[in-house]
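This report describes one protein structure for a reader who has not seen it before.

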Amino acid sequence: MAKIAINIATGSLQQEEMIVGIDLGTTNSLVAIIHPESKMPVALKEHNSSSLVPSVVHFGDQVTVGEEAKKYLVSDPAHTIFSAKRLMGKTYNDVKNNSASLAYKIIDDENRLVKVQVGQQFYSPVDLSSLILKELKKQAEHILKTPVSKAVITVPAYFNDAQRQATRDAGKLAGLDVLRIINEPTAASLAYGFGTHKEEEKTIAVYDLGGGTFDISILHISNGIFEVLSTHGDTYLGGDDFDNAIVDHWITQLGLQGSVSESQHRQLLRLKAEEAKKHLSAHETFESVYESKNIFITKEVFESQVRPILDRTIVSCANALKDAGLEKGSIDEVVMVGGSTRVPLVKKMVSDFFGKPLNDRVNPDEVVALGAAIQADILAGNTKDILLLDVTPLSLGLETMGGLMDVLLPRNSKIPTKASRQYTTYKDGQSGMKIAVFQGERDMVKDNRRLAEFNLTGIPAMPAGLPKVEISFLINADGILVVKAKELRSGIEQSIEVKPQYGLTDEEVERMLLDSMTHAKEDMDNRALTEAKTEAEQLLQTTEKFIQRNFKELSEQELSATSLAMQALQLSLDMNDKNLIQSKTEELNEISRPYAERVMNNAVGKAMAGKKV
Ligand code: AMP
């Protein structure tokens, strides 16, 4: 447990085993703690400076991070890396369409994880994030005058497994023990809910639009329990897109489209575009000079350009409400988080959608870090009356016979969570079982995303159906999945931590959800056919085995009727006709049931003969 002490002589905070909360943002990052005296969350900052550390890394004679590095965005763009968070857990294919807006070079390596090239060196997004975290750690240690080695780090709710792992790895590289990864909107709601009466019960929507990512979460707070009901979002939507829209506008205004130097101009205009965007949050027009030419943009034009981007966030809000099973009217409070919610059109569209005024009481730049600090304090054992219940964004399941998806943990399951189910073999003497883990909402695994696969081997030889293989899924509080398989009779087991090779793009997540709705009927038909076929095949096998073992006890008539019914069932299987398969299965069952019962009764009778009960 963390211990806190105030140094009376200097008035500084001294804490053994300090646990800090870190918001590792696309644009800015910051650190917060619970102040030992006021017990309130506070963002750390040096005197007279901002708490925000720009998430920018410059590679010059030495590596610089933050404000220092930001100065090089214009003078040395090829060696200055920004928005690395957007590349976390992504492949080149995932990001190539957006790479034009990046001034630095990313490596074209198709399905491998993205790397950034700076001179002769290659850096992964994990390396870059770790440099930012190292700087945050250094600054925090300087302010607190104590070593900082433990942290809670926030990620967008829509980050998948690979992106969460990458964030954790970055923390490790920076010398931080990452005690927990929590979702940004959940952290924000902790900060908003902190200090409210324990008895107060409310449902809130957290709309979080930052530099590179968008999240919407619906939470229920009662008795100090923060329960995430649903979450939706887009890891490729944010203020950077607004900047790009302004750059597009100016490139046209300056007649630079298609020119050889277009991408260079885009870089140079990017920072000015961000300045324009911020200016337009409080003014009607923005004017400036670029290479001795006038450039300008009005608020009206800016709004018409970003409206389609914002429409996508509103669709996500509607989906999140639907997933939570709520109407707009059930939302008591709408909380705004992230720098981009300062854009007046964002506020207007969100307020119009939910039909109520917004809550932007807490500084939107700091609210996520403050929430992370509260979670850190909970983990340190100092805050006992708050509990956080987060959810998983997509269903997780296993491939079963016929390529069916067997869901063990449905979408929006509360985490941490655990689920297990028993499976068995379908062939005599089967010694191995393939365990393939999938994520998605469709009934057939081929339509979902394969996360991992492993083999449970060494199952002792047993008749089909006898082994009991228990497969369990465990999602820890960081949203990371561990799959275990154990054959209960022999005790052999195997487990795997699911670390997908590359991330899922948001389009893929959207598509998976949409597909599951549009193909619902087709999926049901496919599932019914596959189930009917599996049942029929198993019945054919067991009947054949039964006859081989017991043919002496069956009459000629029974044997020939069975043989005919088996042929008919086989024929229906070849025809792939679900109804026919079901009726022929039933016919074979009707014929075999009476003699199967008779043979079983005889066997039991013999076994019991002479025994006293
Ligand atoms: P965050 O990721 O939450 O730090 O948000 C950063 C984003 O907020 C960047 O895209 C900033 O350009 C944007 N931002 C910050 N201040 C403003 C403002 N006053 N108006 C519009 N956007 C802003």
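## Nonpolar cores

Of the 48 residues in the largest nonpolar core, which touch the most other members? They are Val 20, Ile 22, Leu 87, Ile 106 and Leu 133. A nonpolar core here is a set of buried Ala, Val, Leu, Ile, Met, Phe, Trp, Tyr and Cys residues joined through side-chain atoms within 4.5 Å. Helix α4 (residues 125–144) gives the most to this core, with eight residues. Apart from this core lies another one of 41 residues, including Phe 286, Ile 295, Leu 310 and Met 336.

Ile 22 has contacts (heavy atoms within 4.5 Å) beyond its neighbours within four places in sequence. Among them are Leu 30, Val 31, Leu 133, Leu 136, Ile 153, Leu 176 and Ala 372.

## Basis of the model

The model is predicted: local features need pLDDT of at least 70 and side-chain atom pairs count only at pLDDT 80 or more, while totals for chains, interfaces and linings use all residues. Residues are numbered from 1 along each chain as its sequence is written, and side-chain values use heavy atoms, with hydrogens and water left out.

## Overall make-up

The protein has 15 helices and 30 strands. Helices (H or I, at least four residues) and strands (E, at least two) are DSSP runs, numbered from the N terminus. Of the 613 residues, 53% count as buried; buried means under 20% relative accessible area, exposed over 50%, and partly exposed in between (1.4 Å probe, protein chains only). Among contacts between residues at least 6 apart in sequence, 64% join residues at least 24 apart.

Helix α6 (residues 184–193) is mostly covered, with ten of its ten residues buried. Glu 184, Pro 185, Leu 190 and Tyr 192 are among these buried residues.

## A four-stranded sheet

Two strands pair if DSSP finds at least two bridges between them.

Strand β26 (residues 433–439) runs antiparallel to β27 and is joined to it by seven bridges. Ile 435 has Phe 454 in β27 as its bridge partner.

## Salt bridges

A search of the whole structure finds 23 salt bridges, each a side-chain nitrogen of Lys or Arg within 4 Å of a carboxyl oxygen of Asp or Glu. One of them joins the side chains of Asp 240 and Arg 86 (3.4 Å, N to O). Asp 240 lies in helix α7 (residues 239–253) and Arg 86 in the loop between β9 (80–81) and α3 (92–95), so this pair ties together parts that are 154 residues apart in sequence. Both Asp 240 and Arg 86 are buried.

Other salt bridges lie within a helix. Lys 278 pairs with Glu 274, with the closest N and O atoms 3.5 Å apart. The two are four residues apart in helix α8 (residues 262–280), so about one helical turn separates them. Lys 278 counts as exposed because its relative accessibility is 52%, whereas Glu 274, at 15%, counts as buried. Arg 593 and Glu 590 also meet in a salt bridge (3.5 Å, N to O), and they are three residues apart in helix α15 (residues 578–608). Arg 593 is partly exposed at 38% relative accessible area, and Glu 590 is partly exposed at 45%. Salt bridges that share partners also join Arg 86, Asp 240 and Asp 241 into one network.
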